[in-house]
Amino acid sequence: MKKVFLLFLLCVSIFSLKAQNAGEYDPTFGTDGKVMTAVGDNFNVANDMVIQPDGKIIVVGKAQFGSYQFAVVRYLTDGSLDNTFGENGIVITSIMNGSYAMSVALQADEKIIVSGYCFNGSAYNACVARYLDNGDLD
């Protein structure tokens, strides 16, 4: 898969082991407590996130590559992309034109379930995809 250079805006912060005042960014996460990752052509959105037991953060949304597709991004606890997941921390899944990932959950075996909706040209349909820990479709 070729490199992607689209804007998938994400601002997340996590609690550090150090005590911090409520509402302050964690300076050990990303750049000054924030992360932005380019994923699609334009108008890309993060819709949901989940934190894995090991502290890695999975964020899902939509990325545009002509049409919208499921976007799944995984970060390490310091906010850097997890290069063991997909291609450089990013997985793009085209289920059909107009695929929007809206929600993410972890199974007990740590497989990743992503749900959303897809447009088939005349109606919206429910879509679900399951990923392995490395980002491959199960």
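A: What follows starts with the sheet, then moves along the chain to its neighbours and contacts.

Keep in mind that this is a predicted model.

Start with the strand order. The sheet is open, and its three strands come in the order β7-β8-β9. The pairing is antiparallel. Two strands stand at the edges: β7, residues 100–106, and β9, residues 124–131. Each of these has a single partner strand, so one side of each is left without a neighbour in the sheet. Neighbouring strands of this sheet are turned against each other by 20° on average, direction ignored.

Now look at one pairing. Strand β8 covers residues 112–119. Six bridges join β7 to β8, and the two run antiparallel. Take alanine 105 as an example. Its bridge partner in β8 is isoleucine 113.

Next comes the loop between β7 and β8. Glutamate 110 lies there. Its phi is positive, about 70°, although glutamate 110 is not a glycine. Glutamate 110 is partly exposed, with a relative accessible area of 31%. Lysine 111 sits in this loop too. The side chain of lysine 111 meets that of aspartate 138 in a salt bridge, 3.0 Å from N to O. Where is aspartate 138 placed in the chain? It is in the segment after β9, 27 residues apart from lysine 111, and the pair links distant parts of the chain. Both partners count as partly exposed: lysine 111 has 22% relative accessibility, and aspartate 138 has a relative accessible area of 44%.

Go back to β8 and find tyrosine 117, which has its place in this strand. Tyrosine 117 is partly exposed, with a relative accessible area of 30%. Together with Met102 and Tyr124, Tyr117 makes a nonpolar surface patch of about 300 Å².

Now look for sulfur. How many disulfides does a search of the whole structure find? It finds one. This disulfide joins cysteine 118 to cysteine 127, with 1.9 Å from S to S. Are these cysteines buried or exposed? Cysteine 118 counts as buried at 0% relative accessibility. Cysteine 127 is buried as well, with a relative accessible area of 7%. The cut-off explains both calls, because buried means under 20% relative accessible area.

Follow the chain past β9. Aspartate 133 lies in the segment after β9. Aspartate 133 forms a salt bridge with arginine 74, and the closest N and O atoms are 2.9 Å apart. Arginine 74 belongs to strand β5, so the pair ties together parts that are 59 residues apart in sequence. Aspartate 133 counts as partly exposed at 39% relative accessibility, whereas arginine 74 counts as buried at 0%.

What pairs with β5? Strand β4, residues 57–65, is joined to β5 by nine bridges, and the two run antiparallel. Here alanine 63 has glutamine 69 of β5 as its bridge partner. One residue stands between the strands of this hairpin, and glycine 66 takes a positive phi near 85°. Strand β6, residues 90–93, also pairs with β5 in the antiparallel sense, over four bridges. In that pairing, valine 72 has valine 91 of β6 as its bridge partner.

Finish with the charged contacts. The structure holds six salt bridges. Asp54, Lys56, Arg74, Asp82 and Asp133 are linked in a network of salt bridges. One link is the salt bridge between the side chains of aspartate 54 and lysine 56, at 3.9 Å from N to O. Aspartate 54 is partly exposed, with a relative accessible area of 44%. Lysine 56 is buried, at 18%.

Trace it once more on the structure. Begin at β8, which has β7 and β9 beside it in the order β7-β8-β9. Find the disulfide between cysteine 118 and cysteine 127. Then step to aspartate 133 and across its salt bridge to arginine 74.

Technical notes
Residues numbered from 1 in each chain as written. Predicted model: local features only at pLDDT ≥ 70, side-chain atom pairs only at ≥ 80, totals over all residues. Heavy atoms only, no water. Pairing = 2+ DSSP bridges. Axes fitted to C-alpha atoms, helices over the stretch in contact; angles between N-to-C directions. Patch = residues over 30% accessible without salt bridge, like charges linked within 9 Å, V, L, I, M, F, W, Y side chains within 5 Å. Areas by Shrake-Rupley, 256 points an atom, 1.4 Å probe, with all protein chains shown as cover. Salt bridge = Lys/Arg side-chain N within 4 Å of Asp/Glu carboxyl O. Buried < 20%, exposed > 50% of the residue type's maximum accessible area, 1.4 Å probe, protein only. Disulfide = S-S within 2.5 Å.
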